[in-house]
Amino acid sequence: MGFLLLNGGKGMKASIVERNPQSWLGYHLQGPWQETVPRGFNQLKSWVEQHGVEGEWLAIYYGNPEVIPPEELRVETVITAPTDAVPSYGDDIEQGLLPGGQYFHARMEVMNNDFFTAWHSLFDHLKTKTDWQVDNRPCFEHYLSDGSDSGDWLVDMYIPVRAAD
């Protein structure tokens, strides 16, 4: 098994949460996520070290990997920043805004870098909630620990939702 839900082993503990829009600084990449996400975070880590910026580390995903070819998937590897944060002239970093709204959220421990299984589990759990459906905003991860060496991560996962039609 590639993930563990942090709720005392009583089944998945997931809930609908309301999030405000969040500004960010980061990198936009296209291609297979297993390649672009580590590359984007390596770029971001280098930029953050040079500029002494602090914030929450997020990966914002665009596209459904079950429908879109891997080379067309997009991701933004970002760090949250105040809305008035502006990159210096010549910086290659981008600014953006993560949309606010309602999200289906769960805190998960991902093991052996198996994010795929964790995401599938969260989407499967959402399917049991007939009063909610996936919205067209991006999914995202908020990293609470750095598992780049061990392969084990503590992550908040968010799926955008809206009331079912």
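The charged end of R19 is placed over the ring of Y158, 4.9 Å from the ring centre, where a charge counts as sitting over a ring if NZ of Lys or CZ of Arg is within 6 Å of the ring centre and within 35 degrees of the ring normal. The model is predicted, and local features need pLDDT of at least 70, side-chain atom pairs count only at pLDDT 80 or more, and totals for chains, interfaces and linings use all residues. Residues are numbered from 1 along each chain as its sequence is written, and side-chain values use heavy atoms, with hydrogens and water left out.

Rings also meet one another. A pair of aromatic rings is described by the distance of the centres and the angle of the planes. Rings of Phe, Tyr and Trp (its six-membered ring) pair if their centres lie within 6.5 Å, and planes under 30 degrees apart count as stacked, over 60 as edge-to-face and the rest as tilted. By this rule there are 11 aromatic pairs. The ring centres of W33 and Y61 are 4.8 Å apart and their planes stand at 65°, so this pair is edge-to-face. Because W33 belongs to helix α1 (residues 33-51) and Y61 to strand β4 (residues 57-62), the pair ties together parts that are 28 residues apart in sequence; helices (H or I, at least four residues) and strands (E, at least two) are DSSP runs, numbered from the N terminus. Both W33 and Y61 are buried, that is, under 20% relative accessible area, with exposed meaning over 50% and partly exposed in between (1.4 Å probe, protein chains only). Elsewhere, ring pairs link F41, W57, F115, Y143 and W153 into a cluster.

H105, in strand β7 (residues 101-110), counts as buried because its relative accessibility is 15%. Its side chain makes a polar contact of 3.3 Å with that of D156, a polar contact being a pair of N or O atoms within 3.5 Å, where within protein one must be able to donate a hydrogen and the other to accept it, and residues adjacent in sequence count only if both atoms are side-chain atoms. Beyond four places in sequence, the residues that H105 touches (heavy atoms within 4.5 Å) include D156 and Y158.

T77, in strand β5 (residues 74-80), is buried with a relative accessible area of 0%. A polar atom of the T77 side chain lies 3.3 Å from the backbone oxygen of G40.
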